[in-house]
Amino acid sequence: MTVKITIPATFETRPFINGDYRGTERGETFATFNPATGKELAQVSSGDEADIDRAVAAARAAFESGSWSRQTPRDRKKTLLRFADLIEKNIEELALIETLDCGKPLNDSRNVDLPDSIETLRWHAEATDKLYDQMSPAPVDVASMIVREPVGVVGAVLPWNFPLFVAMWKIAPALATGNSVVVKPAELTSLSMLRLAAIAAEAGLPEGVLNVVPGMGPTAGRALGWALCARGMEAKSIYAIDS
């Protein structure tokens, strides 16, 4: 059977910060290639410390505003389920982007990576209003409580081999619990995560809650770690920084 594949004419390559695609401060770019052909797919914006700072500031402002962090678990669940539905609606496009940028078979992207990403998001969305605070055993004159609450800004640095699937492992639980997120995709595979950010906004995720800044590890990745650590000491952020 012959399958006709239409390759997108252009890809979104700019950072997604505070609810929209924005140019980088310096305007520098790097090439991303189709590993199957060796041909260049696009010139991706190369974020650096200034761009990461903008994204972290947007995430912190969104967290402090309560637009997401103080929503009821039920409302966050509804938004995340819409997010999952929209990913499913755009599964063919996302699978193709993933395959072109990552080099894996389209069958894998279409039938493994994307469905598993969707199910990961739906699982955490459904858990949002089903996990309760707890009273722990204590003496009769002591009240000991475990309270679950969002803690701040989460940073995620992604690997190249399962861009969307691993991204969802990180952002789904962070978003479900009311945190804001800044994602630095792998420089080899940034395109699908940049597209996913717009789908999240379409689903109703408030501005600044999910930010994506492509760039190189020694610049954008390092800056994300330092930015969150510095802001975390002042604002009690949580850091989920992975290589």
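Which residues in α2 meet which residues in α6? That is the opening exercise. The model is predicted: local features need pLDDT of at least 70, side-chain atom pairs count only at pLDDT 80 or more, and totals for chains, interfaces and linings use all residues. Residues are numbered from 1 along each chain as its sequence is written, and side-chain values use heavy atoms, with hydrogens and water left out.

**Exercise 1. Describe the packing of α2 and α6.**

Solution. 
- Start with the contact (heavy atoms within 4.5 Å). From α2 come T79, R82, F83, L86 and I87; from α6 come L196, I199, A200, E202 and A203.
- Sort these residues by class. The contact of α2 with α6 has 7 nonpolar, 1 polar and 2 charged residues. Nonpolar covers Ala, Val, Leu, Ile, Met, Phe, Trp, Tyr, Cys and Pro; charged covers Asp, Glu, Lys and Arg; the others, Gly among them, are polar.
- Place the helices. α2 spans residues 73-89 and α6 spans residues 191-203. Helices (H or I, at least four residues) and strands (E, at least two) are DSSP runs, numbered from the N terminus.
- Take the geometry. The axes of α2 and α6 come within 8 Å and cross at roughly 130 degrees. Axes are lines fitted to C-alpha atoms, for helices over the stretch in contact, and angles run from 0 to 180 degrees between N-to-C directions.
- Name the arrangement. α2 and α6 are therefore oblique to each other. Angles under 35 degrees count as roughly parallel, over 145 as roughly antiparallel, 65 to 115 as roughly perpendicular and the rest as oblique.
- α2 passes α6 in a right-handed crossing. A crossing is right-handed if the near helix is turned clockwise from the far one by less than a right angle, and left-handed if anticlockwise.

**Exercise 2. Describe the packing of α3 with α4, then of α4 with α5.**

Solution. 
- Begin with α3 (residues 91-102) and α4 (residues 106-127). They pack at an angle of about 120 degrees, with axes 9 Å apart.
- α3 and α4 are therefore oblique. Their crossing is right-handed.
- List the partners. α3 gives I91, E92, L94, A95, L96, E98 and T99; α4 gives L106, S109, R110, L114, P115 and I118. The classes are 8 nonpolar, 2 polar and 3 charged.
- Move to α5 (residues 163-176). α4 and α5 pack at about 10 degrees, with axes 9 Å apart. That makes α4 roughly parallel to α5.
- List the partners again. α4 gives D113, L114, D116, S117, T120, L121 and H124; α5 gives L164, F165, M168, W169, A172, P173 and A176. The classes are 9 nonpolar, 3 polar and 2 charged.

**Exercise 3. Which residues touch the most other members of the largest nonpolar core?**

Solution. 
- The largest nonpolar core has 49 residues; F83, I87, I171, V183, M193 and L196 touch the most other members. Such a core is a set of buried Ala, Val, Leu, Ile, Met, Phe, Trp, Tyr and Cys residues joined through side-chain atoms within 4.5 Å. Buried means under 20% relative accessible area, exposed over 50%, partly exposed in between (1.4 Å probe, protein chains only).
- Follow I171. Not counting residues up to four places away in sequence, I171 touches V181, V183, M193, L196 and L210.
- Look for a second core. A separate one of 15 residues includes I52, V56, V157 and A223.

**Exercise 4. Is D51 buried or exposed, and what does D51 touch?**

Solution. 
- Locate D51. It lies in helix α1 (residues 49-65).
- Check accessibility. D51 is at 0% and counts as buried.
- Collect the contacts. Leaving out residues up to four places away in sequence, D51 touches I17, G23, T24, E25, S46 and V213.
- Compare another α1 residue, A58. A58 is buried, with a relative accessible area of 10%. With the sequence neighbours up to four places away not counted, A58 touches I17, N18, G208 and N211.

**Exercise 5. Where is N18 found, and what phi does N18 have?**

Solution. 
- N18 is in the loop between β1 (16-17) and β2 (20-21).
- Its phi is positive, about 55 degrees, although N18 is not a glycine.
- N18 is partly exposed, with a relative accessible area of 30%.
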